[in-house]
Amino acid sequence: MRIDAEQYGGLCRCGAEHHMETRLCVIEADALANFETYMAEAGVTGKRCAVYDSHTYEAGKLRRVRAEQEIILDPKNLHANERSTAEVLRRLEEDTQVLIAVGGGTIHDIVRYCAKHRGMKFVAIPTAASCDGFCSTVAAMTWEGYKNTMNCVAPVLVVADLSVIREAPAYLTNSGVGDIIGKYTALADWRIAHAVTGEKVCERIYSIMKDATDCVWKNAPGALEGKLEAYEAVTYGLLMSGLAMQMMGSSRPASGGEHHISHLIETEPAALGVHSDALHGEKVGVGTVLASAEYHRLARIRSIAPYVLPYEPIDQGMLREFFGEALYPVARRENEKECLAGVTAEAIVRAWPEIREIVAQIPPAEEVEGLLFTLGAKHTLEDIGVAEEKRQTILDHSPLIRNRLTLMRMRRMIRH
């Protein structure tokens, strides 16, 4: 399967000019055997540096690509943060023109940040269908201990070798499924923000993301039987999700209340008292279960007027106490110009019938949990190492991790 990514660029009927950095995505068995052909087709030339972690570098079935320099990182405690990016930038030879990321989401986020920093071309070789960030222009980075979505660069070329991806451990594919099914609540949050504030929604991007999510939902169970078509469908859905974010220029179509749950757990605020070694997509899958359950609970309210309160600014004392002294300055900056401040109680009441219709399109929590359970994926808080008793605290505080209007954030104005 080939995706001509350039076709998604240009003037859109939404009125925006969508800029695409990615030219070509290839999803095929043994695709790496033709890597040089795809590089030439995408017009990628110049001195190369390939970045791996040692586990990926030593994988027996991986065909390593030609590169004048190779940087192999220690996978132990490897995160996309200021330390790992500094190490790559320090070791990178000055005359390098092309950075190649070989591995999972963490390696790709590190490399896309370094490519942005050096103004270099970036090529992606995902070795597992583990996340939807391979084609994205943004990277989920932990900076100063706080989870941030940072603008970086997208790959010019993506070569996804299904022969390698199918051999990856099942939990990695399950992580990718968890990441992509979170789009059901993310897309709902986008629609809800439009209903309440008029935030712009591009119907083309929305459709691309929805189709990608439906594709993964439908085909993911085939991975249990090792069907190549299932891995192709999941990889396709993940790459299309990244292309949709690239069109948008942000993660808005792909990240809502469910991702904020994951990011909050990853940030480990002082008062939350949790630590999870689960992958990002695994936490997003669980976050989707939680968000779907809460959104459907709220949508059962026919008349919201008695439960809507006027907006109140975030209590800085609460913010400091919850995140702790180390994280408070970043949390304060993130919420300085809170998106909820422009929302009135009247706007929520007026939009509520439409909000209920939007929520009705989200798969119920039981169905989300059922799919994850069928795949053998993590589907409860306990599965990702978080006590069930933390659920309410997570629901209440997760919106504070990102200044983006979601139904989860609007709960601050709804008492029920």
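Which hand does the crossing of helix 6 and helix 11 have, left-handed or right-handed? Point 6 returns to this question.

1. Basis of the note. This is a predicted model, in which local features need pLDDT of at least 70 and side-chain atom pairs count only at pLDDT 80 or more, while totals for chains, interfaces and linings use all residues. Residues are numbered from 1 along each chain as its sequence is written, and side-chain values use heavy atoms, with hydrogens and water left out. Helices (H or I, at least four residues) and strands (E, at least two) are DSSP runs, numbered from the N terminus.

2. Seven strands form an open sheet with mixed pairing, in the order 1-4-11-8-7-5-6. Its edge strands, each pairing on one side only, are strand 1 (2-4) and strand 6 (69-73). From one strand to the next, the twist averages 15 degrees. Two strands are said to pair if DSSP finds at least two bridges between them.

3. Strand 5 (residues 48-53) and strand 6 pair in the parallel sense over five bridges, and Asp 53 stands opposite Leu 73 in strand 6. Strand 5 is also joined to strand 7 (residues 98-103) by four bridges, and these two strands run parallel. Here Ala 50 stands opposite Ile 100 of strand 7. Ile 100 has Val 123 as its bridge partner in strand 8, and six bridges join the parallel strands 7 and 8. Strand 8 (residues 121-126) has five of its six residues buried, so it is largely enclosed by the rest of the structure. Buried means under 20% relative accessible area, exposed means over 50%, and partly exposed lies in between (1.4 Å probe, protein chains only).

4. The faces of strand 6. In a regular strand the side chains alternate between the two faces of the sheet.

5. Helix 3 (residues 82-91) lies across strand 5 and strand 6, and runs at about 155 degrees to strand 6. Helix 9 (residues 228-248) packs on the sheet, where it touches strand 1, strand 4 (24-28) and strand 11 (157-161); its direction makes about 165 degrees with that of strand 4. Axes are lines fitted to C-alpha atoms, for helices over the stretch in contact, and angles run from 0 to 180 degrees between N-to-C directions. Contact means heavy atoms within 4.5 Å.

6. Helix 6 and helix 11. The crossing of helix 6 and helix 11 is left-handed. A crossing has this hand if the near helix is turned anticlockwise from the far one by less than a right angle, and is right-handed if clockwise. Helix 6 (residues 170-181) packs against helix 11 at an angle of about 45 degrees, with the axes 7 Å apart. The two helices are therefore oblique to each other; angles under 35 degrees count as roughly parallel, over 145 as roughly antiparallel, 65 to 115 as roughly perpendicular and the rest as oblique. Among the residues that meet are Tyr 171 and Ser 175 in helix 6, and Val 284 and Thr 288 in helix 11. By class, this contact has three nonpolar, six polar and two charged residues. Ala, Val, Leu, Ile, Met, Phe, Trp, Tyr, Cys and Pro count as nonpolar, Asp, Glu, Lys and Arg as charged, and the others, Gly among them, as polar.

7. Helix 11 and helix 13. The axes of helix 11 (residues 280-299) and helix 13 (residues 345-359) come within 9 Å and cross at roughly 140 degrees. This crossing is left-handed. In the contact, Tyr 295, His 296, Leu 298 and Ala 299 of helix 11 meet Trp 352, Arg 356 and Val 359 of helix 13.

8. Helix 3 and helix 4. Helix 3 and helix 4 (residues 105-118) have axes that come within 9 Å and cross at roughly 55 degrees. That makes helix 3 oblique to helix 4, and the crossing is right-handed.

9. Two loop residues. Thr 127, in the loop between strand 8 and strand 9 (138-143), is buried, with a relative accessible area of 13%. Ala 223, in the loop between helix 8 (203-219) and helix 9, is buried as well, with a relative accessible area of 16%. Leaving aside neighbours within four places in sequence, Ala 223 is in contact with Ala 230 and Tyr 231.
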